[in-house]
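Work through the exercises below with the sequence and the 3D view open. Try each task before you read its solution.

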Amino acid sequence: MADATVTALVCRECGRTYPLEALHACDWCFGPLEVAYEYEAIGARPLREEIAAGPRTIWRYRALLPVDDAQPVELGGGWTPLVRAERLAAELGLGELWLKDDTANPTGSFKDRVVSVALTKARQLGFKVAACASTGNLAASIAAHAARAGMVSVVLVPKDLERAKTAMAAVYGATVVAVDGDYDEVNRLCIELVAEHESWAFANVNLRAYYAEGSKTLAFEIAEQLGWRAPDHVVVPIGSGSQLTKIAKGFDELGKVGLLTGDESAGVRISGAQAEGCSPVAAAFERGSDAVRPVRPSTIARSLAIGNPADGYYALQSVRRSGGAVESVSDAELLEAIGLLARTEGIFAETAGGVTIAALAKLAAAGVVRRDERVVAIVSGHGLKTVEVLGAAAEPCATVPPTLEAFEAAVGEGLTERAATEEVLACR
Ligand SMILES: *Cc1c(COP(=O)(O)O)cnc(C)c1O
Ligand SMILES: [Zn+2]
């Protein structure tokens, strides 16, 4: 049904239209292609009822997704918790703070949203092989969803990736190929591979227009979970910039189809978060420039380590248009933020989540994210994926023989004091 309201692929640059096939760039100007919808027709439907009757997954929003299928390729991704974070808000000097906990997705990252859409479309187009260039989480998600769909998967990743990410992809049965190069080199190789292997569906290359749409569901869920109200400010990590760009598009669409309460158009401020060791979008924002200059990544936030982000320019535009900012944080700051988030809210984020929370802290301190705003931060991936960066923070505070005396001597009194003062301190 929703297919009828998806009209074409449209070039973001020159506006030429293309059929709804596996095409990754405009033949005319090489601009990226984007899915176009007939919003008037969609808005005329009883959307809130359709959505409320839908599954508790991203597919409840099928009216605004680029492919409809009674049995999509999925593992139940999406509809993750939106939790009020009062303790973290107090630490950061903020008022109403919410966390979108995408660590709860089936393979532990927000990539399950985009992959479910991409592979559902790929299957519909007749592809039998699912592939991707990945900074890690995409590889794991592609491998899991391909397994679910009975497809073969091939994933290309930079070598030296976190062990958990390659391990997941391998165990789910993907052919995992580590490339001696950074993500940007892996991506370039995949663009060449698309030309050689026309029967392979590269989620983020020839299926990118469909893949990207999956990130809109973050905006849809946030609004629905807030009672069909848009937040004032959302803080989003930036790798390729696709997630941020499509969250902005998602809030726009909610306004267009009349899903928001009252007559508020979304008007959501969107801010981006990058790691200092790979911050081409933050640098362009700071320079006041439209040109996102490629960099060579050097950061422990591997899932965001894209030096030449495909949607960096569009992410920058979305941020500027909305009145947000792009902040960058050091590896030390992101590690600190992983601990702060875990200790205050019980959510264990990977390095990308640390980047987002650390950037939120800086933006709050600078008064860019304001105390009077309803703020949502996206926690995009699970901490078990990146435990190797934690060092001593992930170790026991003491190792003792199995006796009462030894336990009491090592930690007993300190722990009681800690509970009494409610201080959040490590015991060492
Ligand atoms: C891929 C990824 C991102 C960045 O998303 P982009 O669409 O590439 O900007 C953020 N967080 C995590 C955990 C990711 O895996
Ligand atoms: Zn074009």
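## Exercise 1: A tryptophan in a loop

Trp228 sits in the loop between helix 9 (216-225) and strand 10 (233-237). The model is a predicted one.

**Task.** Is Trp228 buried or exposed, and what is the value of its phi?

**Solution.** 
- Step 1. Take the relative accessible area of Trp228, which is 8%.
- Step 2. Buried means under 20%. Trp228 is therefore buried.
- Step 3. Read the backbone angle. Phi of Trp228 is near 55°, which is positive although the residue is not glycine.
- Step 4. Most residues other than glycine have a negative phi.

## Exercise 2: A phenylalanine with a positive phi

**Task.** Find the loop that holds Phe30. Then decide whether Phe30 is buried or exposed.

**Solution.** 
- Step 1. Locate the residue. Phe30 belongs to the loop between strand 2 (17-18) and strand 3 (33-37).
- Step 2. Check the angle. Phi of Phe30 is near 65°, a positive value in a residue other than glycine.
- Step 3. Check the accessibility. Phe30 has 68% relative accessibility, so it counts as exposed.

## Exercise 3: The zinc site

**Task.** Which residues are the protein donors of the zinc ion (ligand 2)? Why is the arrangement called tetrahedral?

**Solution.** 
- Step 1. List the donors. They are Cys11 (SG), Cys14 (SG), Cys26 (SG) and Cys29 (SG), lying 2.3 Å from the zinc ion.
- Step 2. Write their spacing along the chain. The pattern is C-x2-C-x11-C-x2-C.
- Step 3. Test the angles. Four donors count as tetrahedral if all angles lie between 85 and 135 degrees. Around the zinc ion (ligand 2) the four donor atoms subtend 97 to 120°, so the arrangement is tetrahedral.
- Step 4. Cys11 is buried because its relative accessibility is 3%. Cys14 is partly exposed because its value is 32%.

## Exercise 4: A pair of rings

**Task.** How many aromatic pairs does a search of the whole structure find? Classify the pair formed by Tyr61 and Phe220.

**Solution.** 
- Step 1. Give the count. The search finds four aromatic pairs.
- Step 2. Take the geometry of one of them. The ring centres of Tyr61 and Phe220 are 5.3 Å apart and the planes stand at 55°, so this pair is tilted.
- Step 3. Tyr61 is in the loop between helix 2 (47-52) and strand 4 (82-84), and Phe220 is in helix 9.
- Step 4. Check burial. Tyr61 and Phe220 are both buried.
- Step 5. Find a contact of Phe220. Gly250, in helix 10 (residues 242-256), touches Lys216, Ala219 and Phe220, leaving out residues up to four places away in sequence. Gly250 is buried because its relative accessibility is 0%.

## Exercise 5: The nonpolar cores

**Task.** Which residues of the largest nonpolar core touch the most other members?

**Solution.** 
- Step 1. Name them. In this core of 82 residues they are Leu119, Ile142, Ile247, Phe251, Leu254 and Leu259.
- Step 2. Find the main contributor. Helix 4 (residues 111-124) gives the largest share, six residues.
- Step 3. Look for another core. One of 34 residues lies apart from it, with Leu334, Leu360, Leu363 and Val379 among its members.
- Step 4. Zoom in on Ile142. Beyond its neighbours within four places in sequence, Ile142 contacts Val115, Leu119, Ala130, Ala131, Cys132, Ser153, Val155 and Ala203.

Note on methods:
Residues numbered from 1 in each chain as written. Chains lettered and ligands numbered in written order. Predicted model: local features only at pLDDT ≥ 70, side-chain atom pairs only at ≥ 80, totals over all residues. Heavy atoms only, no water. Core = buried A, V, L, I, M, F, W, Y, C linked by side-chain atoms within 4.5 Å. Buried < 20%, exposed > 50% of the residue type's maximum accessible area, 1.4 Å probe, protein only. Helix = DSSP H or I, 4+ residues; strand = E, 2+ residues; numbered from the N terminus. Contact = heavy atoms within 4.5 Å. Donors = N, O, S within 2.8 Å, 3.2 Å for Na, K, Ca; no water. Tetrahedral: all angles 85-135°; square planar, octahedral: opposite > 155°, others 65-115°. Phe/Tyr/Trp six-rings, centres within 6.5 Å; stacked < 30°, edge-to-face > 60°.
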